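Trainee: I am new to this one. Could we look at it together, question by question?

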Amino acid sequence: MNPLELTLGIMTAVGGFVDISELVFAAKAGSTFGYALIWVFAFSTVGIIVFSEMSGRVAAVAKQPVFNLVRHRLGLQLGLLTLVASIISNLITCAAEIGGLSLILNYLTGAPYFLMAPVATLVIVISIWILPFKWIERVYGLLGLFMITFAVALIAIHPPWSEVAGGFVPHIPHGLNTKELLTFGYFCVAIVSAVMFPYEVYFYSSGGIEEEWGPKDLLTNRITSIVGMGLGSLLAISILASSAQFFGPAYVDPEIPGSTALQAAIPFGKWGLILALLGMFFAVAGAAVETCMANAYSIAQFFGWRWGRHKKPWEAPRFTIAWIALFVVALSIVLTGVDVMILVELAILFSILVLPLSYLPLLLLAGDRQYMREHANGSIAKGLGWFYFGVITAAALAAIPLYLLTAGGSG
Amino acid sequence: MWRVTLVLAPLAACSSGPYDDVQYIKQARSLGAEWALVNEQASQNKLTSTYVDSMHKWIRQQLGGSSTSLTQPSSRYGEEIQALFHESDNAPPERLRAHVKKLKEIEDQLESA
């Protein structure tokens, strides 16, 4: 285990944790329910750690990316359904990220939103084309560390730490009426979905295969998943806590992603604002890369095409065309003028529906001693895996009714 | 899928009238509060002028959307949202917060009804 590689891996995971959905829902959760939803972020983070670690282990030992497993374990029909649903979910998520990027560029430069969308997409496409896989991941992940501004801003405003700590204890606030309870339920589902987005696992496991992980990398995989995602989650929790402090009492339920950057501007002024916007830009750009590449990986793996960024683009032509085409489609969605916040809500909704079908084959193979030998799930991974599978299945069943009953969380 | 639609359609149809407008009142109230916060921080020289201009543009655009989505635009809350919409970009935070307060009161009344 190379300490430098491990540190870079952890920092990349921290910087790459937050995306546009987490930015939006963390801020809204804090303004609507104070610190009461912190535990849902913490709880979901354990879930994504469990499945990321599992997918990295399967990639290292069985050399199987997620969508190979989906096809072989679910069969052609159910596998194809999972593929189509995940393509739609990732595409909407990618469009939301590109829309978010254009907004952030608009806040930073004042350049028109509809001009910034193709510019941002082009820059991302060029960066994927020219950078090796490891550096695609690292450039966006490491620059996303500007997001630490939000954690520093939280410390600077001296929030009531005992109340923040109390938010980590699972509870439902007292005195909520039925409608507020339903809204609280919708936020729980949305946060589970935002933190456990399936694209993160598709990208992570495909990355493991791109980097030719083997059993010697299992410890690095475990530490990167636990520490990187754990610390990354603290950034999202910082946004939630600052929102509870600033936005809730001011009757702000952030309707515009740019409002979140105010959290750093209030204690630190213009430089806080600029650093926060840069952090948001790189974190969201990294997520746009991951969602689009995750889709191309899924399609290529399902149909057995040659795939990977370790190959020259022309050595895997269908894979290359797929990721470029997916960016073009996502950009087209943004250029229709659809509101970014609507895209975020749809991304959350579609993702939670896909989660159980994505994670079930992974769970089955990670526990299969024939493939995984001594690296198969132990009792803790097995217990946690099935527990979280139950949670995401329940969340998937509740998602649409809660969305309709609460008008997308607006009550 | 059609079964899901059949089950969910009655749930979606449970609300009507001013109740339908609560989500737009909430949205307008929040946008007004965001606007006030932006102007307050801008007056303390804590924001870049590019950011402030962009936020004003997006807030106004979203407010226009909330206003046109109302089922009862000539109601008290419809007029309040219109009054907020017609404030100048650099309106004092206190004035914007006065609209926010009125919208919050209407929102609470409708929700408790």
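Trainee: At what angle do the axes of helix α4 and helix α12 of chain A cross?
Mentor: Keep in mind that this model is predicted. Take α4, residues 66–109, and α12, residues 262–303, both of chain A. Their axes come within 7 Å. They cross at roughly 155 degrees.

Trainee: Are α4(A) and α12(A) roughly parallel or roughly antiparallel?
Mentor: The axes cross at roughly 155 degrees. Angles over 145 count as roughly antiparallel. The two helices of chain A are therefore roughly antiparallel.

Trainee: How many nonpolar residues are in the contact of α4(A) with α12(A)?
Mentor: The crossing of α4(A) and α12(A) is left-handed. Their contact includes 10 polar and 2 charged residues. The nonpolar residues number 23.

Trainee: Now chain B. How many charged residues are in the contact of α2(B) with α5(B)?
Mentor: The axes of α2 (residues 18–43) and α5 (residues 93–112) of chain B come within 9 Å and cross at roughly 155 degrees. That makes α2(B) roughly antiparallel to α5(B). The contact of these helices holds 14 nonpolar and 3 polar residues. The charged residues number 7.

Trainee: Which helix gives the largest share of the side of chain B that touches chain A?
Mentor: The contact takes 28 residues from chain B and 27 from chain A. On the chain B side, α1 (2–12), α2, α3 (49–69) and α5 each supply at least two residues. The largest share is 11 residues, and the helix that supplies it is α2(B).

How values were computed
Residues numbered from 1 in each chain as written. Chains lettered and ligands numbered in written order. Predicted model: local features only at pLDDT ≥ 70, side-chain atom pairs only at ≥ 80, totals over all residues. Axes fitted to C-alpha atoms, helices over the stretch in contact; angles between N-to-C directions. Helix = DSSP H or I, 4+ residues; strand = E, 2+ residues; numbered from the N terminus. Parallel < 35°, antiparallel > 145°, perpendicular 65-115°, else oblique. Left-handed = near helix turned anticlockwise from the far one by under 90°. Nonpolar A, V, L, I, M, F, W, Y, C, P; charged D, E, K, R; others polar. Contact = placed C-beta atoms within 7 Å.
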